[in-house]
Amino acid sequence: MPAPNIDTIVSLAKRRGFVFPSSEIYGGLGSAWDYGPLGVELSNNIKQSWWRWLVYERDDIEGIDSSIILNRLVWKYSGHEATFHDPLVDCRECKTRMRADKIEGKCTNCGSTNLTEPRNFNMMFRTILGAAAEEDDPAALAYLRPETAQGIFINFLNVQTAMRRKLPFGIAQIGKSFRNEITPGNFILRTREFEQMEMEYFVKPDAEHLQMVDEWVELYLEWFRSLGISGENLQLHEVPADELAHYSKRTVDIMYRYFPERAEQERQWEELMGIAYRTDFDLRSHSSKPADEEGKRVNPDSTEDLSYFDEATKQRFYPHVIEPAAGVNRTVLAVLMDAYSEKTNDKGETRVILKLTPQLAPIKAAILPLAKNKPEIVGMAKAIKRSLQPVLRAVYDDTGGIGKLYARQDEIGTPLCVTVDHQSLEDEAVTVRDRDTWEQERVKVAELAEYLHKRLKATSPVQPVAPATNLDV
Ligand code: GAP
């Protein structure tokens, strides 16, 4: 049973220290959010899982970390200065500003159809570089990156030569991106500052590009399911040709059911990530050599040619790119929604259990003393916590009765609780309690680290994905 709606997660996230509204003491800042002590762990665990999966476990992908502020020319030749905009409309009645493509001709605030004509609004955040620059100096104008991808393209040659790579290979990057969204909202689903996990996979021009999109879709579905997301809540969406980004020949979005409370036909689904075939658009347009029909260089500003020489065929060409682009924040939200469940105890009380996979759980084991006024029990519990910490993330907690402590750990997704009781002082054993079944087992302290390690490694079986509704290519 996933969360019934996003609001349930917003309240849990604030109550338990996952995500807080940003700048709250000054009234907030239009849909900006801060990760709290547990949220930062969850988000780091997701990013680590992604990095391990692509950069460490595969042999064909390198990682980088490029700047957020790049030379403005990057955004000129990537096409973002000219085309990275959304259609904006104003309501003439109540003055609300909205995205024209999301409202079906009616003001979302007052329902009026008296709207201005749509006009383009560029979503890149502007800034001015240098202390001496004037506000309107075009030479000092720069942007915060709206995608991490361009930092990868402009480093293609650096990575390829430094790491002596041959096609096919990929470059992965995790980092913040910024978009001046017209209508941010729905918690961390759409914000102006967010984090992306992007990978550009470079292949030969004659590769089976469209089919490679499907292959990456399958790999990502498998990865999302390994994070505990149920296949029932994932769906594919083939982006129609007239909605493709300026660089894309084909894009398949993986959608998550972020709005289960809505009727099926009322947009239950929103994009979790997209997998695009970007052709050779980016490498070609950042290159110094290509010329137009009159022989004029298309990019007179670039100093490099980002083409690739294939030793086997003795041919030079611009590699083509398959790009899986995922959002960290949207993955965090999908993971939280899918992990949410409720269970009724013997007393008929409803308890929240966050069934996070052990890999993603912010805390792997909580060490709890049964009596906090007994120094020997407290001392033993603290010593166990300290001894476990080098091998797994453990916490010590004595801020309530044992029932309350268990309930709190269930609600933040801690897979195992370790209780030290009076008997432990005699038999050097503790009780290990399972988050999902509430079953308890007695384990010798000397064997505890190995026992916990084994329990945390065991993974639950993954479920198949819901049938795709619109995958006609
Ligand atoms: N380089 C391609 C690219 O950026 P995108 O579909 O615009 O593609 C990729 O973005 C992913 O980044 C999205 O699927 C989503 O997960 C995340 N994302 C984009 N805009 C976002 C926003 N305003 N807030 C949160 N996440 C966002």
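These legends describe close-up views of one predicted model. Residues are numbered from 1 along each chain as its sequence is written, and side-chain values use heavy atoms, with hydrogens and water left out. Because the model is predicted, local features need pLDDT of at least 70, side-chain atom pairs count only at pLDDT 80 or more, and totals for chains, interfaces and linings use all residues.

**View 1. Confidence along the chain.**
The mean pLDDT of the protein chain is 94. pLDDT is the predictor's confidence in each residue, from 0 to 100. In this chain, 97% of residues reach 70 or more. Over residues 460-465 the pLDDT is below 50. That stretch has 13 contacts in the model beyond near neighbours in sequence; contact means heavy atoms within 4.5 Å. Residues 467-473 also have pLDDT below 50, with 14 contacts beyond near neighbours in sequence.

**View 2. An open sheet of three strands.**
The strands lie in the order E5-E4-E6, and their pairing is antiparallel. Strands (E, at least two residues) and helices (H or I, at least four) are DSSP runs, numbered from the N terminus. Two strands pair if DSSP finds at least two bridges between them. Which strands stand at the edges? They are E5 (97-99) and E6 (119-122); each has a single partner strand, so one side of each is left without a neighbour in the sheet. Neighbouring strands of this sheet are turned by 45° against each other on average, direction ignored. Such angles run from 0 to 180 degrees between N-to-C directions, with axes fitted as lines to C-alpha atoms, for helices over the stretch in contact. Four bridges join E4 (residues 85-90) to E6. Aspartate 86 stands opposite phenylalanine 121 in E6.

**View 3. Strand E9 and its partners.**
Nine of the ten residues of E9 (residues 169-178) are buried, so the strand is largely enclosed by the rest of the structure. Buried means under 20% relative accessible area, exposed over 50%, and partly exposed in between (1.4 Å probe, protein chains only). Strand E3 (residues 61-64) runs parallel to E9, joined by four bridges. Glutamate 62 has isoleucine 171 of E9 as its bridge partner. Strand E10 (residues 193-203) pairs with E9 in the antiparallel sense, over ten bridges. Here glycine 175 stands opposite glutamine 196 in E10.

Most residues other than glycine have a negative phi, and most peptide bonds are trans. The peptide bond from leucine 167 to proline 168 is cis, with omega near -5°. Proline 168 sits in the loop between helix H6 (156-162) and E9. Phenylalanine 187 has a phi near 60°, a positive value. This phenylalanine lies in the loop between E9 and E10, and it is buried at 5% relative accessibility. Serine 23 has a phi near 50°, also positive. Its loop runs between strand E1 (19-21) and strand E2 (33-35). Serine 23 is partly exposed, at 33%.

**View 4. The largest nonpolar core.**
This core has 69 residues. A nonpolar core is a set of buried Ala, Val, Leu, Ile, Met, Phe, Trp, Tyr and Cys residues joined through side-chain atoms within 4.5 Å. Which residues touch the most other members? They are Trp50, Tyr220, Phe224, Ile254 and Tyr258. Beyond its neighbours within four places in sequence, tryptophan 50 is in contact with residues including Ile174, Met197, Tyr220 and Trp223. A second, separate core of 20 residues includes Leu388, Leu392, Tyr451 and Leu456.

**View 5. Valine 430 and threonine 419.**
Valine 430 lies in strand E22 (residues 429-434). Its relative accessible area is 0%, so it counts as buried. Threonine 419, one of its contacts, lies in strand E21 (residues 416-420). This threonine is buried too, at 4%. Its side chain makes a polar contact with the side chain of tyrosine 406 (2.6 Å). A polar contact is a pair of N or O atoms within 3.5 Å; within protein, one must be able to donate a hydrogen and the other to accept it, and residues adjacent in sequence count only if both atoms are side-chain atoms. The C-alpha atoms of valine 430 and valine 445 are separated by 6.5 Å, with the two residues 15 apart along the chain.

**View 6. Arginine 316.**
Is arginine 316 buried or exposed? It is exposed, at 52% relative accessibility. The residue belongs to strand E15 (residues 315-317). Its side chain makes a polar contact with the side chain of serine 307 (2.9 Å).
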